[in-house]
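This report covers helix packing and ligand contacts. The sequence and model are shown first.

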Amino acid sequence: MTKSADTHCPYCALQCAMTLKSPAVLTPASQPGSVPVPAEPAGKSPALNAPLLAAPLTVSGRDFPTNRGGLCRKGWTSATLLNHPGRVTEPLLKGLDGIHRPIGWDQALALVTTAVKDTRAKYGADAVGVFGGGGLTNEKAYMLGKFARLALGTSRIDYNGRFCMSSAAAAGMRAFGVDRGLPFPLADLDNASTIMMLGSNVAETMPPFVQHLKGARDAGGLIIVDPRRSATAAFTSDGGGIHLQPQPGTDLTLLLGLSHVVVHENLADTRFIEERTSGYEAVVRSVNSFWPERVQSLTGVPAELIREAARRLADGARKGGSYILTGRGVEQHVDGTDTATAAINLSLLLGLPGSGRSGYGTLTGQGNGQGGREHGQKADQLPGYRKITDPAARAHMAGVWGVPEETIPGPGLPAVQLLKSLGQPDGVRCFLVHASNIAVASPDANSVIDGLRSLDFLVVCDFFMSETAAEADLVLPVLQWAEEEGTLTNLEGRVLRRRRALQPPAGARSELWIMARLAEALEAPSTYSEDPETVFEELRLASAGGLADYSGIDYAMLDRGEAAYWPYPAGSTGTPRLFLDSFAHAHGKAVMTPVTPRRRRTPAANPDSGATTMTLITGRLMEHYQSGAQTRRVAELLATRPEATLQIHPAAAAGVGITEGSFVSVANERGEVVCRAELSTAIRPETVFLPFHFPELESANRLTEAATDPISGMPEFKFNKVWVRLAANPVLDSPRNSILQTTEAS
Ligand SMILES: Nc1nc2c(c(=O)[nH]1)N[C@H]1C(S)=C(S)[C@@H](COP(=O)(O)OP(=O)(O)OC[C@H]3O[C@@H](n4cnc5c(=O)[nH]c(N)nc54)[C@H](O)[C@@H]3O)O[C@H]1N2
Ligand SMILES: Nc1nc2c(c(=O)[nH]1)N[C@H]1C(S)=C(S)[C@@H](COP(=O)(O)OP(=O)(O)OC[C@H]3O[C@@H](n4cnc5c(=O)[nH]c(N)nc54)[C@H](O)[C@@H]3O)O[C@H]1N2
Ligand SMILES: [Mo]
């Protein structure tokens with residue numbers, strides 16, 4: 001008898017709905033080869049007691065407003081990792097010989113407890129650090145923040161969302177007083193006449209999203225801004241859309257040029273500006289010197305295309321609607337917050353936000369990238385998107401947690417600074433990592449790996465031996481998505497249920513269980529439930545009255561498939577569309593902040609006469625997810641994209657003797673990547689592109705700089721200088737492949 005479970009994809013923030021099916025259904029006790037794990041207590045939600053499926057599972061798409069039954073290749077193949085032979089299924093302790101060997105859970109937890117206590121005694125509680133992730137469920141993200149601050153007593157917690165959503169979040173807070181990536185349901189885009197996307201390649205990063213672009217595309221209103229003719233930019237050819245191809249890092253200037261046209265061609269919505277915004281005059285002054293011909297000379301985008309794009313945005317606002325959307329391409333820069341602010345200013349000049357049929361939004365990336373930035377795993381944050389420095393927020397949380405307010409530490413360090421402090425005299429000495437592969441995904445990864453190696457004790461919770469786990473003194477095996485209950489908040493601010501469909505391997509434990517046991521051993525104040533629904537009930541109380549208010553949401557309504565968009569205060573019906581009546585600032589208006597381009601740092605001189613200096617941008621391929629820790633283990637995806645390649649324009653390649661498939665060296669003062677070249681006219685001639693999904697000699701982050709945006713702490717992932725030449729010693733066997741073959745062959 002085939003059994004099935006409705007759930008959502010484990011990867012990106014689109015959270016495509018899917019159904020898992022298995023030929024057999026098993027009660028937990030009857031599953032072969034497994035002993036019962038410490039059971040999550042039977043919850044109030046009926047789904048918690050549903051029978052479990054057995055691997056291998058098949059995946060099918062399910063109808064849902066974001067994906068309408070569609071899935072991408074990563075989604076289709078996601079279930080193959082559930083019973084992957086390379087899975088970590090027991091706690092692993094690294095010996096003096098550097099080899100990880102299995103130990104029992106009691107010993108593992110005792111080791112963590114001792115390391116935490118010793119570190120605190122020697123160096124103080126802030127020498128214990130925690131790194132979280134936007135892939136964690138709301139329950140785990142919430143508990144991780146609480147666990148760090150109350151059980152470990154440290155302020156030093158931050159997470160990988162700092163690398164992802166921090167610039168757009170800071171800009172949204174500044175302009176609107178709240179940060180919900182899309183302040184409207186995704187399906188609203190379907191009716192738009194014009195959609196401008198800057199630095200986002202959804203055709204590869206969120207393939208089912210593309211159906212929402214169809215209306216604007218057919219109307220000739222799709223405008224894509226990308227230094228590469230990406231798969232998404234290529235759609236502009238079909239319906240007469242526009243591809244603007246600026247030099248990397250010049251989007252802020254381009255946006256000022258677009259705003260200049262709006263102001264000087266009288267395309268602005270003056271009534272909206274008067275009634276619903278503040279700061280207009282200063283913004284007009286700030287764009288005055290950015291006339292289109294000047295912007296052309298600074299960005300490389302033809303002045304006529306700048307005018308045409310601005311006119312189509314204004315025209316769309318009068319017809320079916322206009323949307324401006326930003327992605328990581330414009331946000332992951334040292335001026336990312338100001339660039340997102342410039343995009344918001346443009347949208348406000350046109351009267352888009354809060355109009356009900358037009359708007360501005362940013363495309364949240366990770367599965368729970370939205371919820372993960374609301375519940376307290378950020379260095380400066382308490383649950384409900386509250387500020388940790390706000391006395392009222394502290395008093396509220398002290399009440400919910402039942403602790404004196406002084407027990408809650410102050411703000412910690414944002415991710416890049418936290419990672420720079422690893423092993424330093426006043427820095428973190430004992431580090432706990434949950435749901436991030438920082439050895440591959442962080443800027444200046446060579447320095448981060450050195451930092452990890454200089455720690456007194458590194459604990460990594462993961463279900464695979466990621467490159468970061470490989471550095472750990474202790475690896476704790478945790479549950480995968482289909483093995484645990486929880487909630488996630490998708491890119492629309494809609495809260496969804498993830499369901500347990502499968503019994504986990506006997507030796508793996510839920511992170512809530514791990515935190516509960518450690519809190520007990522550390523004699524922590526307050527309570528730490530291992531039951532996700534109980535934790536969600538606490539999160540509801542914690543978030544009540546905050547910006548991201550979940551107090552009216554419960555598991556039962558999510559199980560019924562009700563659409564729950566936050567803010568959802570108890571007694572309300574939630575908020576699919578924000579800003580219809582007012583913005584979230586106390587005065588109710590949107591705030592326009594003038595921004596101007598800053599001069600960029602001068603890179604080190606090229607020491608290599610055989611190499612040419614180029615601008616490196618990094619990003620994603622359809623087949624791999626993030627650091628690749630998961631998708632490099634899916635045979636079908638690895639076979640399609642087995643290695644990193646450098647995308648380079650044939651004209652630039654010819655100058656240094658590079659041909660299709662040649663091994664090239666891409667280097668700078670921080671490190672070197674060696675990989676094959678892929679010649680393509682889709683990229684600007686002064687720019688090269690590397691995906692960041694691969695480790696070791698193919699790791700793009702060995703080249704990226706850990707310079708950060710002064711407001712958001714976002715590192716510079718998309719604009720780095722590199723020296724490109726033919727490789728002296730072609731590396732024929734990729735180190736990555738050898739790792740997977742030796743340790744994880746089935
Ligand atoms: N397949 C796949 N899908 C994913 C992910 C994944 O790793 N793989 N990750 C998920 C996550 S967490 C995220 S955050 C999203 C990210 O989704 P996207 O933002 O779409 O991803 P990126 O490839 O990082 O960047 C998008 C585009 O920005 C362009 N770009 C680079 N520099 C600049 C610039 O200076 N200006 C402009 N205008 N464009 C620039 C790049 O050429 C690239 O095409 O994807 C999510 N979905
Ligand atoms: N050069 C460059 N670097 C980038 C970017 C870029 O565009 N260019 N993009 C940045 C962005 S937007 C992001 S979001 C980051 C992401 O980069 P990472 O933070 O490395 O994200 P993942 O590769 O998804 O790593 C998640 C790890 O946690 C594990 N995992 C998954 N779910 C869970 C869970 O529930 N619990 C635990 N304990 N582990 C889990 C996975 O197996 C994997 O090892 O990379 C950033 N780095
Ligand atoms: Mo991301």
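**Helix 16 and helix 22**

In this predicted model, helix 16 crosses helix 22 in a right-handed manner (the near helix is turned clockwise from the far one by less than a right angle). Helices are DSSP runs (H or I, at least four residues), numbered from the N terminus. The contact (heavy atoms within 4.5 Å) involves His396, Met397, Val400 and Trp401 of helix 16 with Glu538, Leu541 and Ala542 of helix 22. Five of these residues are nonpolar, one is polar and one is charged (Ala, Val, Leu, Ile, Met, Phe, Trp, Tyr, Cys and Pro count as nonpolar, Asp, Glu, Lys and Arg as charged, the others, Gly among them, as polar).

The axes of helix 16 (residues 391–401) and helix 22 (residues 532–543) come within 9 Å and cross at roughly 150 degrees. Axes are lines fitted to C-alpha atoms over the stretch in contact, and angles run from 0 to 180 degrees between N-to-C directions. Helix 16 and helix 22 are therefore roughly antiparallel (angles over 145 degrees).

**Ligand 2**

Ligand 2 is surrounded by 30 residues, the closest being Asn160, Ser436, Asp462, Glu511 and Ser627 (a heavy atom within 4 Å). Polar contacts are pairs of N or O atoms within 3.5 Å. Oxygen atoms of ligand 2 lie 2.7 Å from a side-chain N or O atom of asparagine 160, 3.1 Å from a polar side-chain atom of glutamine 332 and 2.6 Å from one of aspartate 462.

**Basis**

Residues are numbered from 1 along each chain as its sequence is written, with chains lettered from A and ligands numbered from 1 in the order in which they are written. Local features need pLDDT of at least 70, side-chain atom pairs count only at pLDDT 80 or more, and totals for chains, interfaces and linings use all residues, while side-chain values use heavy atoms, leaving out hydrogens and water.

How values were computed: Helices (H or I, at least four residues) and strands (E, at least two) are DSSP runs, numbered from the N terminus. Angles under 35 degrees count as roughly parallel, over 145 as roughly antiparallel, 65 to 115 as roughly perpendicular and the rest as oblique. A polar contact is a pair of N or O atoms within 3.5 Å; within protein, one must be able to donate a hydrogen and the other to accept it, and residues adjacent in sequence count only if both atoms are side-chain atoms.
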